[in-house]
Amino acid sequence: MEDILEAIKKSAIKIEKEIKNSDGSFSKNLNSTGDNQLKLDVVSDEIIEDELKQINIIKEIISEEKEDSVEINPNGKYLVGYDPLDGSSLVDVNQSVGSIFAIYENDYSGNNLVASVYVIYGARVDLVIALNDVKLYRLQRDEFKFINNLTLGEKGHINATGGTQKNWSSYHRELVNSFFIKGYRLEYSGGMVPDLHSILLQRGGLFSYPTTSDKPKGKLRMIFEVFPFAYIFEKAGGKAIDGEKRILDFKPSHLHDTMPCFFGSTYEIEEVKKVYANRA
Ligand code: AHG
Ligand code: MN
Ligand code: MN
C-alpha cells in the first residue's frame, strides 16, 4: 500500500505543475461518460498511469478517462480506480480541482474498498488519505507534511447542492430548502473535491448530487468518485447514502456506472433519509 501512496504523491506534484502551465484546450475526444476531454485530463491520466504501472502489488487500474481497465500484474493484490482530474473544466475559471483514488481488493464493490485518497489543487495542495482514519497532509516545498486528522461533528452548516435545480424532484427541492430555512449556507463550486474538502475541514454539512430528470442515475461515477468519498466520510465519522441506502453496500454493474449520492455529518444524512423515505 505504501508504494501506491508514494506514487500518488509523485503524481500530484507533477499534475500540479501541469495545471499551472495548461492552456485549457480540449483534446478531440469524449471520455466514457461522454464528457469532453481536456488535454489536461489526458496528461493527468498519463502521469498517474505511468506511476501506478510500476507497482506490482496492483492487479489493474481503471480511469475515468479510459473505457476499459488496464492490467498491471495478474498476481497483484489491489485494484485502483481513479479520476485523474475531477472538475477539470473549472481550471479555466481558476477554481480548485482534484484527483481521486480508490483502492479495492478483489472487485469494485463498495465494501471492498481498503483505502481512499484525494488531492486538491487549490490555493494550497492538500492530500487526504483514508485508511482506518482520515489524515490531512499539505504540500510544502515539494514535500507532503502531516497536518492533522479530519473528523466530522454531529452536524454542520454547509449545504452543497449539486445538479441543475430545474431538474430536481419536488421532494429534493423540499429537502434542500429545509436546510436553508434552518440557516445553512450554500457552498457549491461544481467541483466535488473542493466541495467535499470544505465540509470535511469545517467538520460537517451536506453534499448532494441526486437523481435529476436529466440524470436519472445521478452524475457521479461509483468506482472513482462516489465510493472513495463515501469511504472517507464514513471513516471521518459521517455517512454516505443514495438517498436511502448506504453507498458502500452497492456494487457497480459496469465500470463507469453512476449513482445519486449524499455525503455528510450524521444529522444531515438522517434528514435526507426522512424526506426520501416519504417521497411521493
Ligand atoms: P469531472 O470533471 O471529473 O467530470 O467531474 C465533475 C463532477 C464533480 O466534480 C462535480 O460535483 C459535478 O461534476 C458537478 O456537476 P454539475 O456541473 O452538473 O453540478
Ligand atoms: Mn470526476
Ligand atoms: Mn475527471
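Reader: Which residues does isoleucine 269 touch, not counting residues up to four places away in sequence?

Author: A contact means heavy atoms within 4.5 Å. Here isoleucine 269 touches Leu206, Lys239, Ile241, Phe262, Phe263 and Gly264. This is a predicted model, where local features need pLDDT of at least 70 and side-chain atom pairs count only at pLDDT 80 or more, while totals for chains, interfaces and linings use all residues. Residues are numbered from 1 along each chain as its sequence is written, and side-chain values use heavy atoms, leaving out hydrogens and water.

Reader: Is isoleucine 269 buried or exposed?

Author: Buried means under 20% relative accessible area, exposed over 50%, and partly exposed in between (1.4 Å probe, protein chains only). With 0% relative accessibility, isoleucine 269 counts as buried.

Reader: Happy with that. How many aromatic pairs are there?

Author: Rings of Phe, Tyr and Trp (its six-membered ring) pair if their centres lie within 6.5 Å; planes under 30 degrees apart count as stacked, over 60 as edge-to-face and the rest as tilted. By this rule there are 11 aromatic pairs. Take tyrosine 104 and tyrosine 108: their ring centres are 5.2 Å apart and their planes at 80°, so the pair is edge-to-face. Phenylalanine 233 and phenylalanine 263 form a tilted pair, 5.8 Å centre to centre with 45° between the planes.

Reader: And which residues do ring pairs link into a cluster?

Author: That cluster holds Tyr118, Tyr188, Phe207, Phe229, Phe233 and Phe263. Phenylalanine 233 is buried, at 0% relative accessible area, and phenylalanine 263 is buried, also with 0%.

How values were computed. Chains are lettered from A and ligands numbered from 1 in the order in which they are written.
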